[in-house]
Each structure stands twice: as C-alpha cells, then as structure tokens.
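Biologist: I am new to this structure. Could you take me through it feature by feature?

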Amino acid sequence: MNRCIKMGFHMNKRRTQAKETTSADLSRVKTIGLIMPDYAPWRTAARELLMAYLPNGDIQFDGEADAIIRVVDAPEGLTIEAEIFDQPFSECTFEVKADETPDSERFKTFFYHFLKDLFNRPLAWGSLTGIKPVKIAHHYMAGEGLTRRQAMDKMMRIYDVSAEKAALAAGIARREMPIVYPLDDHLVSVYVGIPICPAKCSYCSFVSTIADKKGVLCADYLQGLISEIRQMGAWMIKRQLRVDTLYIGGGTPSVLSVRQIERLLAALKESRLVHSKLREFTFEAGRPETTTPEKLAVLKAFGVDRLCLNPQSMNNETLAAVGRFHTAADIERVYRQIRGVGFGCVNMDLIAGLNQETPAQFLTSLDRVVAMRPENLTVHSLAIKKGSRMKAAGGHRYTQLYDAAFYDQVHQKLAVAGYEPYYMYRQKYAQGNGENIGYCLTGHPGIYNTLMMAEKQTIIGIGAGSSGKVYHAQTDRFNKVFTVKDIRTYNQRGQQVIDQKRTHYQNLINQK
Ligand code: SF4
C-alpha cells in the first residue's frame, strides 16, 4: 500500500439504509464479518474499535455474518461500507492522496468516524484504542509545554475524546509531574515478583502457580529469588543505580511464611535494594487469609510503608463464586490489623463486573471499602483474558449495565469521599469499555504505580514473571526486559535465567 490518507480528511457520507433495515437491527447483530486488506495494524485497529461498540460481538475477518463491514482501499479513496442482514446500510468514502504511505493512526480515525456514524454515537475515548491515554496528555504538557486545558483541547480535537475523558487524562498527567520529574538516570525502581497464590481466582489470567501444602514450591523459589536479588543488587551498585521505589508483588507474596518473608527482606536490605531513602516500599498482601499479625510486624520492621489488601468485592457470594476463600469480614479484620501495626498507606483493589454483579452491588462494595479510608483505592473493570478459568469456560457475557454513566457515578462517589485519580490505564475488551483507575486520598498517590505508568524511569524486574523497562531519556523510549514466567522453569534454570537477564539490562543501559 503506497498511498497516504490526507491529514484533514474529507468524508463523503452516503447512508444507503434500505427500507426494511433500521438502526434497531444493529442491536440484533451478534456476528460481524470484516472484509478488509490483510494489513495487521488496520485489522487490529478495526477489531478494537468494533469491540468497543459491540463488546459481545463475534468478529471474524471473513465468512457469513449478521453484519458485513467492507473496507476497500482504492486509488480514488478509502471506502468503508456496512451491510446489515444482507441489506446495504451505510457507506463512507475518505479521500486519500496517491503519493504517500497510509498510516494506521489515520485509518483508525477513518474507521472510528465510520462507526460513530453507523452506530450514531461517539465513544468516550474517540478513536484512541491505546491503553495509556495519559501518556498523550503527559507528552503534550511536559514535551510540548501545553497547559492542562490546551492538552485537553488537543486530545478532543485530534482523537475526538470526550471532554470528561480528556479532563481525566490531563488531570492525571498534571498530578504525575512532581512525582516523575526531575528525571535522574541513576534512579531506578525495582519490582520483585512472587507469582505464587494459595488458589486461583477464576478471572485471573496472570501466570501464578498454586502453592503446594508442604511448601516445597515456595522454598525452592525463594532460594533462587534470593540469589537473583544478591546478584542484581551487586550489579546495580557497580552500575551506580540507586533504588527509588521497591514493589514486592505477585501472585500473593504474603503466601510466604514469616521466616521466608524475613529472609527475603533481609536479602533485599543486605543488597542495598532496601535503604532509608526509598520513596516508597510496597508489599502485596492481597488475600487476607495469607496475612497474620506476625508477618505484618516483620514487614513494618523492614521498612515496608505501603500494603496492598485486595478485596476485589465485598460481596461474599461473589468472592465464593470467583474462587476467593475469604469473606468481606476477613478483609475488614485484616485491615484493622494493618492499621494496628502502624502502616500509613494501604491500597485496596475492587473489580467491577465480577459474577454478573449489578452496578448497585458493586457500589455497595465500594461504600464498604471507602468507609475503611484506604489511602489508595484501585477500581478495575473486568476484562476476561486468555489464560483465565472464566475464558476457558466460555467467558462470560459483558453486562451492558456497566456503561459510561456507571463509571461516572463511581468517579463522583469517590470525589465526594475525597479521592482523586492518580493513575489510569485502559484494558482491551474491558467491561463497559471502562478503565482501571487508581484513586488516592489527596497527597497519597502510589509512587511506584505512577512511575510505572508514566514510563520515564527504568524499572528492574527480579523474579519469575517480572517485567522491567529500561528508559532512554534521549529518545524518550524504553525497552522491555522479561523474565521467564513459569516458576518451575525459573527454579530449574536459575543461574542461566539470571545471567541472560543481567546481560540484557547491561546491554540496554550501555546504549544510553
Ligand atoms: S487474582 Fe491475584 S490472588 Fe487471584 S490468582 Fe490472580 S494473582 Fe493470585
């Protein structure tokens, strides 16, 4: 394809709605056939935008379907047309230039405008399908020097983002600035992964292994992990890299015994990954049945200052249905223990859409969590991904009840309770096309989360399944560094995995 779409496109619309086909028929569409050039970026964009309009739709790239959307890339323009139940419905032609290369962003704009006309409604994020829209606002403000208002206007103009979403993205970008800047090449954040859980939640697609009753898996894993911590710590000292924030995540790190947690934290301290100047030190004690006052006391003694306790729902029926063997009362009990030990910052996660909960049920969970006053509260939108039990069992249909009005209600409720959004990312195919938003009480943003989302600082990943990023300030780009996900492979190949990864970090950092 050697042609390019004009910057300011011209759209010739032709609604060829047949008499017997009405907009109401769109609501009956279950299968969609996309007939279009075999060009992966266009196909991905078309699929993602269509999924945003029809989250339960079955989208194929050929064959028979209730609706056919055909994209024809011809010299005179790009034509997109729709047939609904075999009747011509709508057609748009976008003028293109003949002498430039087509670009997937422009295609996405065309396709979005076609769908907006077809479904007769805009999407809140307009033509943006990327998962980190805050980065765009951040770039406008920090890179181009625009004000928050100007960044909002630009997002609305270029991507057709709604005023509310533009304000959300630009507001978060503004809050990130004092955390992210000034950039310092010698500062890094460290993520230590413990991908082991006491049981598997049905919605979870994360590669975590279930702990065995005898504790062999945890013991073997800890041995390899401590070895990696010592080696990476020594390497970081040599490279004059100092830890800014430290995050021990999972899985469920609190599945380790008190002694194992002690050994882990002692190794981190001896390797100077824990020191008195850390800006934040987080430990995920996600499931309350794995947390005890003894473990909390050890965490506190080693300087952990942010604890995650994740209810996901405060509805006992839902907790049981998704395979979490604790109750809402357990969450409240452990929360009191956490405060009793003196932790000043607690994060709690909730997921909207679990077990076909109604919005009202979710809001009841939200009220119960807000009443505890955690400093950080993350609201996730359920997204059924490959690798989860839910997906393997045929998924679950997204309920249309979780719409933009629902998420607005969540936002307003939290604003009234004193919470403001400090980080946000979108998930592909999330319930109600909603975002995952981290809220905080004013003045208590999660620093690691902010840095990870802003992608302006190097993150060193330690342990199975951890992913790190090496940031290059000169080019404002980063490279990812992965560690093998499977814990048994990590345990077996130990030193080889560590050597390969350290060399990878070394090479990338040398390129700076
Ligand atoms: S959601 Fe968390 S606790 Fe549940 S299986 Fe996944 S990683 Fe483990």
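Biologist: Where is Thr-290 found?

Modeller: This is a predicted model, so keep that in mind throughout. Thr-290 sits in the loop between strand E13 (280-284) and helix H9 (293-301).

Biologist: Is Thr-290 buried or exposed?

Modeller: Look at relative accessibility; under 20% means buried. Thr-290 has 7%, so the residue counts as buried.

Biologist: Which side chain does the side chain of Thr-290 join in a polar contact?

Modeller: That of Ser-254, at 2.7 Å. The Thr-290 side chain also has a polar atom 2.6 Å from the backbone oxygen of Arg-287.

Biologist: Which residues is Thr-290 in contact with, leaving aside its neighbours within four places in sequence?

Modeller: Pro-198, Thr-252, Ser-254, Val-255 and Lys-295. Two names lead on to the ligand. Thr-252, a contact of Thr-290, is among the residues that surround the ligand. Arg-287, whose backbone oxygen lies by the Thr-290 side chain, is another residue of that shell.

Biologist: Which other residues surround the ligand?

Modeller: Cys-197, Ala-199, Lys-200, Cys-201, Tyr-203, Cys-204, Gly-251 and Arg-324. By class, the shell has five nonpolar, two polar and three charged residues.

Biologist: Now the strands. In which sense do E3 and E4 pair?

Modeller: Strand E3 (residues 31-35) and strand E4 (residues 58-60) pair in the parallel sense, over three bridges. Gly-33 stands opposite Gln-60 in E4. Between them, the chain leaves E3, passes through helix H2 (residues 40-53) and reaches E4; this β-α-β crossover is right-handed.

Biologist: How many bridges pair E3 with E5?

Modeller: Four, again in the parallel sense, with E5 spanning residues 67-74. Here Ile-35 stands opposite Arg-70.

Biologist: Which strands pair with E18 in the antiparallel sense?

Modeller: Strand E16 (residues 376-381) runs antiparallel to E18, joined by four bridges. Strand E17 (residues 419-426) also pairs with E18 in the antiparallel sense, over seven bridges.

Biologist: How do I read the faces of a strand?

Modeller: In a regular strand, side chains alternate between the two faces of the sheet. Now take E18. Glu-435, Ile-437, Tyr-439 and Leu-441 are on one side. Asn-436, Gly-438 and Cys-440 are on the other. Both faces are covered, and these residues are all buried.

Biologist: Why is E18 called largely enclosed by the rest of the structure?

Modeller: Because seven of its seven residues are buried.

Biologist: One last residue. Which helix holds Ala-170?

Modeller: Helix H6 (residues 163-180). Ala-170 counts as buried because its relative accessibility is 0%. Apart from neighbours within four places in sequence, Ala-170 is in contact with Ala-137, Met-141, Arg-148 and Met-152.

Conventions. Residues numbered from 1 in each chain as written. Predicted model: local features only at pLDDT ≥ 70, side-chain atom pairs only at ≥ 80, totals over all residues. Heavy atoms only, no water. Helix = DSSP H or I, 4+ residues; strand = E, 2+ residues; numbered from the N terminus. Buried < 20%, exposed > 50% of the residue type's maximum accessible area, 1.4 Å probe, protein only. Contact = heavy atoms within 4.5 Å. Near = heavy atom within 4 Å. Nonpolar A, V, L, I, M, F, W, Y, C, P; charged D, E, K, R; others polar. Polar contact = N/O pair within 3.5 Å; in protein donor to acceptor, adjacent residues only side chain to side chain. Pairing = 2+ DSSP bridges. Right-handed = clockwise from strand over helix to strand, strands pointing away.
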